[in-house]
Amino acid sequence: QASTAVEHYRRAEAIASDKYRPLVQISLANALLLDKQPAAARAVYRAMPAPPSALQLAYKRGIGNLSLAEGDHAQALRLFGDVAAQAAGSDAAYHRLWGQDGVGRTLLAMGRRDAARQAFADAAATSEAIRSRFRSEEFKSGLFGDVQQVFDRAIDLAFESGDVEGAWLLSEQSRSRALLDVVRDRVVAGAAAAADNAASLRGVGAAVARRHLREGEAIVAFHTLDDSVLAWVVRADGVQGARLPLGRAALALAVDAFRQSVFNRKPAVTALGAGLYTQLLAPLALRDGEQLLIVPHDSLHYLPFQALRDGAGSGARYLIERHPLAFAPSAGIALALGQRRVAADHAGASSAPRLVAFGNPGTDAQLALPDAEREVKLIGDLFPNNSIFTQAAASKQQFRQIAPSAGILHVAAHAEVDVVDPLQSRILLAPADGDSGFLAAREVYGLNLERVSLVTLSACESGLGRIARGDEIMGFTRSFLSAGAASLLVSLWPVADDSTELLMTTLYGRLAAGGTAAQAMQAAQITVMRRPRFAHPFFWAAFDLVGDWRMTLAPPAGARKAAL
């Protein structure tokens, strides 16, 4: 809203003191430039007295941006170079970052793409020095939101030059870093894993990722740019990359159209899913049957990949029929969560964890979920070591008290997503002692869930939230991973009670029989899909497995065979 900003800066200029007026004027000139008024911005600078020394670098950056807009590349390059070289004091790294970014943008405008690539890579590295100074997740997320264009340019140019692995590393460095810091800090592992953790301070390189992958596993990562989508397939035996001709805006529209066709149970879901498969996955030469860890980006976080279809004919199959799937905000987060499981195994953690389940909380007669109550009781039959809470007993107080002791935490309840402030999204548990029973995503941060291998939120839209700049996921996914959970099952749209009950009981039956989380999820979704009345993806494709895809449970004694 550059024009509105100009109006406010004009008012501020009129009332500013002599001390602060130069800062307001620089900000006004920047806003005018964004509003495509370079002549007016130049007039502001001409009318300004010499700025104080504290504003010299900000002034030079502003003049540099104006010179670049006017086509005076030589002056822009000189000014941005001065900012990068002359930065000093406590804010040196901040000014150096934007000086390097300006040098890169100018070199790009001059057609010097190799030199621009190095400048953007330098700026991305400098951002780490700034970021390390902040302890606050909000500051870190905000900073990385501001530098996304720097990373996008560096990634684009690295990929263009053929440096596929360098582009991968930059992409990893740019995404969900605040969440990665929290997850990694919770990992207690051996010396080998500690070495990888040290490397991941600046993102997980492809070599590190390859070393952690097994035969038959692949990481499929995406990075959305304005004019294309970059994709990587990382396996133990190598890395390949592809540039897909689908820009950010067109992709968001296609994902939304597909989601709407699923949510509204439209026949068009087949054709739309086949179209997205052709654009996103067909060029990647995936190997049939391999386990895929999908690392989405931007609008792809909302895409149910499992429901994409490799054609529209009778012989076509959904992606979930070809591959077990799991998802992660970044490869670094997925590997850190896997290391947490390995560390627990080394510490002698039980392989038959305690099930804690909440179902059909006693909130309101109109909100009753009898199928959810039956769901948690059926799942409880599979695990002799269980604690099941339903109706009035399924309270927020009980959840806060017992959740940290769970190995598996299952919640079958209503949820409400707050799209304005996702951390105010809430799960509706039973009220008790004057407490409303509403468990906000923000409150989950305060729990210690390091013993929890799997959290299942069998509730409506529990996987949704806002994808902030820097590809930070805000909502239940972020909250539970930050609290220490190794993996989650979350939903992308309001779920149907009867199909969800079948999916969950099948899933837990497979886990109880010793299958991995990804294999159990694949079996559950296919089981629901093959019931004729549940064949539409609306009924079986709502849930994503996020996090540790290799999580397994030893078969508990006395597990009910019929459920397997």
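Mentor: Go ahead. Keep in mind that this is a predicted model.

Trainee: At what angle do helix 1 and helix 2 pack, and which way do they run relative to each other?

Mentor: Helix 1 covers residues 2-15 and helix 2 covers residues 21-34. Their axes are 9 Å apart, and the packing angle is about 160 degrees. Angles over 145 degrees count as roughly antiparallel. Helix 1 is therefore roughly antiparallel to helix 2.

Trainee: Which residues make that contact, and how many are nonpolar?

Mentor: Helix 1 contributes Ala2, Ala5, Val6, Tyr9, Arg10, Ala12 and Glu13. Helix 2 contributes Arg21, Val24, Gln25, Ser27, Leu28, Ala31, Leu32 and Leu34. Of these contact residues, 2 are polar and 3 are charged. The nonpolar ones number 10.

Trainee: How do helix 14 and helix 15 cross, left-handed or right-handed?

Mentor: Helix 14 spans residues 248-263 and helix 15 spans residues 269-280. They pack at about 145 degrees, with axes 9 Å apart. Their crossing is left-handed.

Trainee: How many charged residues are in the contact of helix 14 with helix 15?

Mentor: Look at the two sides. Helix 14 uses Leu251, Ala254, Ala257, Phe258, Ser261 and Val262, while helix 15 uses Val269, Leu272, Gly273, Leu276 and Leu280. They divide into 9 nonpolar and 2 polar, and the charged count is none.

Trainee: Now strand 1. Why is it described as largely enclosed by the rest of the structure?

Mentor: Take the two faces in turn. Glu217, Ile219, Ala221 and His223 on one side are buried, and so are Ala218, Val220, Phe222 and Thr224 on the other. Strand 1, residues 217-224, is largely enclosed because the buried residues are 8 of the 8.

Trainee: Which strands are joined to strand 1 by bridges, and which of them runs antiparallel to it?

Mentor: Strand 4, residues 291-295, is joined to strand 1 by 5 bridges and runs parallel to it. Here Ile219 stands opposite Leu293. A further 6 bridges join strand 1 to residues 229-235, with Ala221 opposite Trp232. That antiparallel partner is strand 2.

Trainee: What do the buried residues of helix 18 pack against?

Mentor: Helix 18 covers residues 370-380. Its buried residues are Asp371, Ala372, Glu373, Glu375, Val376, Ile379 and Gly380. They pack against strand 6, strand 7, strand 8, strand 12 and helix 22.

Trainee: Is Asp156 buried or exposed, and which residues does it touch?

Mentor: Asp156 lies in helix 9, residues 148-160. Its relative accessible area is 19%, and the cut-off for buried is under 20%, so Asp156 is buried. Beyond four places in sequence, Asp156 touches Leu225 and Arg243.

Trainee: Where does Glu450 sit, and how far is it from Ala406 in space?

Mentor: Glu450 is in the loop between helix 20 and strand 12. At 37% relative accessibility, it counts as partly exposed. Glu450 and Ala406 are 44 residues apart in sequence, yet their C-alpha to C-alpha distance is 9.3 Å.

Trainee: Last one: which residues is Tyr94 in contact with, leaving aside neighbours within four places in sequence?

Mentor: Tyr94 lies in helix 6, residues 92-109. Its relative accessible area is 37%, so Tyr94 is partly exposed. Its contacts are Arg61 and Ile130.

Methods
Residues numbered from 1 in each chain as written. Predicted model: local features only at pLDDT ≥ 70, side-chain atom pairs only at ≥ 80, totals over all residues. Heavy atoms only, no water. Axes fitted to C-alpha atoms, helices over the stretch in contact; angles between N-to-C directions. Helix = DSSP H or I, 4+ residues; strand = E, 2+ residues; numbered from the N terminus. Parallel < 35°, antiparallel > 145°, perpendicular 65-115°, else oblique. Contact = heavy atoms within 4.5 Å. Nonpolar A, V, L, I, M, F, W, Y, C, P; charged D, E, K, R; others polar. Buried < 20%, exposed > 50% of the residue type's maximum accessible area, 1.4 Å probe, protein only. Pairing = 2+ DSSP bridges. Left-handed = near helix turned anticlockwise from the far one by under 90°.
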